[in-house]
Amino acid sequence: MGEAQTLFEMLRQSVKPEVVDAFERLVKDAPDRKLCRINALAFATSEGLDEEEAIAGFLHASRLGIFELSWNVLCPGCGGVLDANTSLKTVQSTEYTCALCAAGYEPTLDEMVEVTFTVSPRVRHIEAHNPNEMPAIEYFRQMYWGSGIDLPDDDYEEKFDEFVIETLELPPGEKAVLSLQLPAEFVIVFEPVTHAAQFLDVSGEPTRERRNLALVFDRAHRHAETLSMQPGPLRIQVENHAEVRTLPSVCIANEALHGMLGRRRPFLTAKRLLSNQTFRDIYRTDMLDVDQRLKITSLTFLFTDLRGSTELYERVGDLAAFDLVRAHFRVLHEIVAAEAGAVVKTIGDAVMATFPTPDRAVAAAMRMRDAMRNLNDERGREDLLLKIGIHEGPCIAVNLNERQDYFGQTVNIASRVQHLATSREIFATGSVLEDPRASGLLSDRGLSPMSHNVTLRGIANEISIFAIP
């Protein structure tokens, strides 16, 4: 732990002590499986830590080499990891197919791409660093299922045996035979390394006739078609044409399997991380590739601008105005980061920021307005009058001018909503206030937004705008 101790001491320079202490305990005492693809949100909950502080801690620790960051494309159905990437740049924007669910999905950064953290081998070696040596039961637990599946700790092995009736380790180039009695169930011959599956609909009168089934695993064939069979003896000949060891497994699609896959918990999504200020600050080069276009189904945009900033420069002079505007930027950055958001860019005296959910953007907007009022009170002048617009909707994450940015109609509407504001106004669209958390936040404060319909340039239909008092 000599090098690890040095790294943890370096980490203390940028991360809160209680977070570093929790990391040290984890690395020192946890079983191997707890150090593979760590769910940052679940870890924060178990340790009683603030989620944002825990996420920032994992990011700084990954930058130092204590953890390795992974971007995993998930199947929305079974929660399995369809693709694991060390960078978001290698996540494809085309369709991913889950053989186990027999379905294809176009990845979105909302719930289909998770971000996890695995301890670095330079800090502690764990079995997940050599996944091709894992037994099938641990490969499923640590490598196949994503961190959003809340797998049982105490009786995982017993639960696993309730739906897996046979497993086999098959080295590259090898052949083998599985002989078993088919139960009158829906059976899946699943191989988690190459993501191949063969469905067997087993029903009808039992038979004593031995049937034969041949399967080849080579990363190309998914075997998704369903075969109908009677209960009774089956001889499965499997052949591994892949470059790595495979793990053919015979599973029953029963209540035990569905029950395990139905236990879900929150996880750190790519969308949330891209809207995290710490990530944007320390991982500037690990964003999107130039040609990538990754979809986000829901992201909240907040635009601000200072009213009368040109007159401000003329009234107080360039130097004083610049210091005042810079102070305003510093306050806005702090508030955005505190509300789990990130500043995408500044344009003149304007700010564009993103938030994972509408309520965090609304909370940030109200804090910004209060902060500007306090700055003005300190000066005894109404110098800083902030106009704020908020909108939520789908968008595309892109790489523009060597910076991770966003494109789409949602961005355009959010910008134009801000332009409608005059001074000290917060304008939010109906999609923002339809979010129960956002409307609840205003209700708790006794605020009743006033609505009116407006027509925005370039937008065909009128939209509802709410002024937050």
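I began with the lining of the largest pocket, which divides into 10 nonpolar, 5 polar and 9 charged residues. My classes: Ala, Val, Leu, Ile, Met, Phe, Trp, Tyr, Cys and Pro are nonpolar, Asp, Glu, Lys and Arg charged, and the others, Gly among them, polar.

The model is predicted: local features need pLDDT of at least 70, side-chain atom pairs count only at pLDDT 80 or more, and totals for chains, interfaces and linings use all residues. Residues are numbered from 1 along each chain as its sequence is written, and side-chain values use heavy atoms, with hydrogens and water left out.

I noted 24 lining residues, with Arg33, Lys34, Cys36, Arg37 and Arg265 nearest the pocket centre. A pocket here is an open set of points on a 1 Å grid over the protein atoms alone, where a 1.4 Å probe fits, with protein on both sides within 12 Å along at least five of seven lines; lining residues have an atom within 4 Å of a point. The space comes to about 530 Å³, as filled by probe spheres set on the points. H3 gives the most to the lining, 4 residues. Helices are DSSP runs (H or I, at least four residues), numbered from the N terminus.

Next I looked up H11 (residues 318–338) and H12 (residues 358–379). They pack at about 150°, axes 9 Å apart. Axes are lines fitted to C-alpha atoms over the stretch in contact, and angles run from 0 to 180 degrees between N-to-C directions. The pair is therefore roughly antiparallel (over 145 degrees). Contact means heavy atoms within 4.5 Å. I listed Leu324, His328 and Val331 among the H11 residues, and Arg360, Ala364 and Arg367 among those they meet in H12. By class, this contact has 11 nonpolar, 1 polar and 3 charged residues.

Key:
Helices (H or I, at least four residues) and strands (E, at least two) are DSSP runs, numbered from the N terminus. Angles under 35 degrees count as roughly parallel, over 145 as roughly antiparallel, 65 to 115 as roughly perpendicular and the rest as oblique.
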